[in-house]
Amino acid sequence: MDDCTLKQDILWTNPYFAAVMAVIACILWGSAFPVLKVTYAELQMAPNHIAGRVLLAGGRFFLASLMLFFFLQFVLKQSIAVERRWLKPLFFLGLAQTGLQYFFFYNGLAFTGGIKGAILNSFGNFLVVIAAHFLYTDDKLNLGKAIGLITGFAGIFLVNWKPGVTGFTWDMTFRGEGFLILSGLASVIGTFQAKKLARDLNPVVVNAYQLLFGSVLLLLSAVPSLPRIHFTTTPLFWGLFVYSAFLSAAAFSIWYTLLRYNKAGEITLYRFMIPVSGAILSAFFLPDESLNPSVLIALALVAFGIGAVNYWQKNNIRESAEGEM
């Protein structure tokens, strides 16, 4: 092992450095919510302009995949080639993780506020915990996880209630909140597929290919509607577009590097920062949104739920490792 590699190993395993980088990755992901809302406004894109948003998503993730391939090839000096047998599972991962997830996410967010979208986006985190209980013998639900799930779902439930003249009313539509929940379901499928592939392939390579395949599927699905897609682009739009591609490439690269050098449970604990940063940034950058008391309570419940689930996940991993010693 050369000095450069040794220094890199020491740096990424440093708990303080790892915590800072995990928070940065989560803030990058959280910033996607106001960025997309401002992008829609800048393009004057109507909520029912599905083809336009699919084209936008496809372009963003195609650019993100190119950034990752460049990063792997020229910065990390790693091969980006994969054996032919991996192309099919990588294609299906891209279909779920990028194609389906972001088809529903982009179109759902058009009918939902940035703050609400940031909170609802955590739905997938809780679904992964429930699905893992049935798929893995060493990842069962326990009391701590159950408390985290109940608290998290309570926050998601609360954010869909709004005060009205006669009291609180249910505020949820299929095209908005429903699509964000379907986005969470697609992310669950992608999460477990990615976990299987990462056992044999470099996780950053896996992500680069799934972004490429998923983005191409999104772009191809928008091709029949190209004659009807008319964007009036601005310098602000192009800046936001490049930034949105960068945040996807950078956040995933940071996250997978952290997972390579640290225990998964200790890193995923910081995922509570995604809804927190997404909600705060949306309130700051979106003129029609604010952090009212019910939203703050819902945000606190979801953040606590994510933190609690991952805290007890980390303890499970530690106890399992100690039992094998």
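In the predicted model, Ser248 touches Arg60, Phe61 and Ala64, when residues up to four places away in sequence are not counted. Ser248 is itself part of helix 10, which spans residues 235–261. With a relative accessibility of 2%, Ser248 counts as buried, because the cut-off for that class is under 20% relative accessible area.

Helix 10, the element that holds Ser248, also packs against helix 9, which is formed by residues 203–222. The axes of helix 9 and helix 10 come within 9 Å and cross at roughly 150°. Helix 9 is therefore roughly antiparallel to helix 10, given that angles over 145 degrees are assigned to that class. The crossing in which helix 9 passes helix 10 is right-handed. On the side of helix 9, the contact is made by Pro203, Val204 and Asn207, and on the side of helix 10 by Phe252, Ser253 and Tyr256. Sorted by class, the residues of this contact of helix 9 with helix 10 comprise 4 nonpolar and 2 polar residues, with no charged residues.

A further helix pair is formed by helix 6, residues 123–135, and helix 7, residues 143–159, whose axes come within 10 Å and cross at roughly 150°. Helix 6 and helix 7 are therefore roughly antiparallel to each other. The handedness of this crossing is left-handed for helix 6 passing helix 7, whereas the passage of helix 9 across helix 10 is right-handed. Helix 6 contributes Phe123, Phe126, Val129 and Ile130 to the contact, and these residues meet Lys145, Gly148, Leu149, Gly152, Phe153 and Ile156 of helix 7.

Among contacts between residues at least 6 apart in sequence, 85% join residues that are at least 24 apart. The accessible surface of the protein comes to about 15,900 Å², and 68% of that surface belongs to carbon and sulfur atoms.

Conventions. Residues are numbered from 1 along each chain as its sequence is written. This is a predicted model: local features need pLDDT of at least 70, side-chain atom pairs count only at pLDDT 80 or more; totals for chains, interfaces and linings use all residues. Side-chain values use heavy atoms; hydrogens and water are left out. Contact means heavy atoms within 4.5 Å. Accessible areas come from the Shrake-Rupley method with a 1.4 Å probe; for residues, only the protein chains shown count as cover. Axes are lines fitted to C-alpha atoms, for helices over the stretch in contact, and angles run from 0 to 180 degrees between N-to-C directions. Helices (H or I, at least four residues) and strands (E, at least two) are DSSP runs, numbered from the N terminus. Angles under 35 degrees count as roughly parallel, over 145 as roughly antiparallel, 65 to 115 as roughly perpendicular and the rest as oblique. A crossing is left-handed if the near helix is turned anticlockwise from the far one by less than a right angle, and right-handed if clockwise. Buried means under 20% relative accessible area, exposed over 50%, partly exposed in between (1.4 Å probe, protein chains only). Ala, Val, Leu, Ile, Met, Phe, Trp, Tyr, Cys and Pro count as nonpolar, Asp, Glu, Lys and Arg as charged, and the others, Gly among them, as polar.
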